[in-house]
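Open the model in your viewer and keep the selection tool ready. We will go stop by stop.

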Amino acid sequence: MTVQVGGVDGGVDSSLVRAARLAATGLRGPRLPDATAVVDALLAVQGQELQPALWGLSRRVAPSSRPGRAALNTALADGELLRTHLLRPTWHLVRPRDARWLLELSAPRVERLMASTERAWDLGDLGPGTEAVAAAVADGPRTRAEIKAELVARGVLDPDAPGLAFTQMLMHAELRRLVISGPPPAGKELQHQSYATFDDRVPAGYGPLGERFDAQAAVVELWRRYLPGRGFATLNDLRLWADVTVRDLRPVLAALTDAGEVVQVAGTGELEGLVLVATAATADRWLGGGDRGGDGGGDGVGREPVVDLLQAYDELLISYRETRHVVLDPALPPPDRSGAFVHCVAVDGVVAGRWRWPPGAGRGGVDVQWLRDPTRAERAALDAAVADLDVYRG
């Protein structure tokens, strides 16, 4: 059942949805106390571009306690945050308590997709290699290079095999909950291509699900954790973010709607014909006259622009596929990830340019490719964002 609650013509338009998402994903309004709380609120954060992803976490932390690069890399090294392949799958940052149930939920589907690739490449049986990956870290964390050398020495990986063979072995070991990210080598605090025994870094049990895994309970948890950190989203947004089937998602959505936990609201304008879902609290805040916390959501009249240097896979961009266009300007070419300029410059939540992560360590300039001519105020806002990045990188 679709519930029309306030809003524009009884529904929600792109402007309101964009403002709600900026707040829900932590880029506007009250910030969280630390980076682990940010990941907890978002459930999983894509971490393919690791250092820019950690920067993205820092922007969601309260300024009074905002961490720098060293602190966030330490949190990853110490296992407060973990990095592994899950969901779609791609690299994600997760809390230890969420790693096991998310992998259990997504691994069967991912491994079916991997099997198709392995047949196409004629990679054969990767089971012995996967077991050897687990054995390689049994006595302590190992780097990717060290694990590869050991697999070659054991005879389970041909030194002339395509790189995909080793990558698939590592991913199977992750999906089967044998290994997960480990600490970086001594003196190389930014190089996190290391692995450790899964059970050494992840607590027993299934976190919020309890001691046993239940597939339906996992989908309920998925809805309950995804929506608060995303504002308004469609069923297909979640389907494509988590790679969980509509068949599994739809009945849980119906049950949560019937229970009053979530509402379904009609889209208007550019969102016409779509049904967006939000928690009851989100709907009350944005549509029912609740306190929006000064997040703003309109046209920006009467205030200075805000520029965000978003990593290429920021959750404001990647959490939505069907409705991602609410952060895109239809008059501009869509951003791509070719070359070094893979990251996005957003002005008031709308993508307006691309930027590349500064090479090396320490402070340095940020190269930006604007997709349109910025105003003087927007250039000043960009300068402020770059200054923040300089402080973060130390």
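Leaving aside its neighbours within four places in sequence, which residues is Glu49 in contact with? Select Glu49 and look around: Gln311, Tyr313 and His343 are the ones in contact. Keep in mind that this is a predicted model.

**Stop 1: Glu49**

Stay on Glu49. This residue sits in the loop between β1 (45-46) and α3. Buried or partly exposed? Glu49 has 31% relative accessibility, so it counts as partly exposed. Glu49 and Val342 are 293 residues apart along the chain, yet 9.6 Å separates their C-alpha atoms.

**Stop 2: helices α3 and α4**

Next, select residues 50-58, helix α3, and residues 69-77, helix α4. Their axes come within 10 Å and cross at roughly 110°. That angle falls between 65 and 115 degrees, so α3 is roughly perpendicular to α4. Show the side chains where the helices meet. From α3, pick Leu50, Gln51, Leu54 and Ser58. From α4, pick Arg69, Leu72, Asn73 and Leu76. Sorted by class, this contact has 4 nonpolar, 3 polar and 1 charged residues.

**Stop 3: aromatic pairs**

How many aromatic pairs are there? The count comes to 4. Visit two of them.

Select Trp55 and Tyr392. Their rings are edge-to-face, 5.4 Å centre to centre, with 65° between the planes. Trp55 belongs to helix α3 and Tyr392 to helix α15 (residues 376-393), so the pair ties together parts that are 337 residues apart in sequence. Both Trp55 and Tyr392 are buried.

Move on to Tyr226 and Trp241. Here the ring centres are 5.3 Å apart and the planes stand at 45°, so the pair is tilted. Tyr226 lies in helix α10 (residues 215-226) and Trp241 in helix α11 (residues 235-242), 15 residues apart. Colour the two by accessibility. Tyr226 has a relative accessible area of 0%, so it is buried. Trp241, at 1%, is buried too.

**Stop 4: charges over rings**

Select Arg21 together with Tyr320. The charged end of Arg21 sits over the Tyr320 ring, 3.5 Å from its centre.

Finish with Arg83 and Trp91. Which ring does the charged end of Arg83 sit over? It is the ring of Trp91, with 4.1 Å to the centre.

Note on methods: Residues are numbered from 1 along each chain as its sequence is written. This is a predicted model: local features need pLDDT of at least 70, side-chain atom pairs count only at pLDDT 80 or more; totals for chains, interfaces and linings use all residues. Side-chain values use heavy atoms; hydrogens and water are left out. Axes are lines fitted to C-alpha atoms, for helices over the stretch in contact, and angles run from 0 to 180 degrees between N-to-C directions. Helices (H or I, at least four residues) and strands (E, at least two) are DSSP runs, numbered from the N terminus. Angles under 35 degrees count as roughly parallel, over 145 as roughly antiparallel, 65 to 115 as roughly perpendicular and the rest as oblique. Contact means heavy atoms within 4.5 Å. Ala, Val, Leu, Ile, Met, Phe, Trp, Tyr, Cys and Pro count as nonpolar, Asp, Glu, Lys and Arg as charged, and the others, Gly among them, as polar. Buried means under 20% relative accessible area, exposed over 50%, partly exposed in between (1.4 Å probe, protein chains only). Rings of Phe, Tyr and Trp (its six-membered ring) pair if their centres lie within 6.5 Å; planes under 30 degrees apart count as stacked, over 60 as edge-to-face and the rest as tilted. A charge sits over a ring if NZ of Lys or CZ of Arg is within 6 Å of the ring centre and within 35 degrees of the ring normal.
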